[in-house]
Amino acid sequence: MSSEGQRVSFRPQRTRKVCIAAAVAVLVLFTFIGTALTEVGEGVFRTGDQYAMIGLGIVFALGIMAVARPRVEADADGVRVRNIIGGYELPWGAVRAINIERNQPWMSLELENDDTVSVLAVQAVDRAYALQAVQSLRALRAAARAEQPAPAVS
């Protein structure tokens with residue numbers, strides 16, 4: 001497989017579907033509550049309170065969608081990992097191994113400096129999709145490593 005011009009991108013599949021469904025449900029629920037409740041006991045929901053409820057629904061829905069944010073992109077130059085908070089851009093020379101072990105919820109990159117980077121975009125629950133992602137990333141890494149000259153031993 002030639003790594004020239006090849007670019008791959010992966011996002012979690014099952015988690016993304018669950019997050020979308022949950023975010024829509026939360027938004028619908030808060031919109032319903034905000035528009036349906038006008039009087040509660042002695043209290044009264046005013047227009048500002050109703051908009052605030054809808055606004056809270058939007059904030060909670062966005063929070064839920066943050067869980068679906070992870071992505072991993074790779075090409076001949078390296079790999080870019082975006083997790084829920086933060087991200088990494090690594091050249092292939094810094095990546096020693098690409099692993100997804102049994103009982104491990106997501107893929108990880110083992111770095112040459114013995115650090116480990118979790119890749120939340122490739123999750124074990126996605127099974128065949130996760131396997132395809134791991135194989136694609138390993139092929140890109142192997143092709144990039146093959147193109148690099150071997151270090152001189154003195």
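**The open sheet and its surroundings**

Modeller: There's an open sheet of four strands here, ordered 1-4-5-6 and paired antiparallel (a pair needs at least two DSSP bridges; strands are DSSP E runs of at least two residues, helices H or I runs of at least four, numbered from the N terminus). Strand 1 and strand 6 (87-91) sit at the edges with a single partner each, so one side of each has no neighbour in the sheet. On average, neighbouring strands are turned by 10 degrees against each other, direction ignored (axes are lines fitted to C-alpha atoms, for helices over the stretch in contact, with angles from 0 to 180 degrees between N-to-C directions).

Keep in mind that this is a predicted model: local features need pLDDT of at least 70, side-chain atom pairs count only at pLDDT 80 or more, and totals for chains, interfaces and linings use all residues. Residues are numbered from 1 along each chain as its sequence is written, and side-chain values use heavy atoms, leaving out hydrogens and water.

Inside the sheet, strand 4 and strand 5 run antiparallel and are joined by four bridges. A74 stands opposite V79 in strand 5. Helix 3 lies across strand 1 and strand 4, at about 145 degrees to strand 1. W92 touches both A74 and V79, and its other contacts include L137, L140 and A144 (contact means heavy atoms within 4.5 Å; residues up to four places away in sequence aren't counted for W92).
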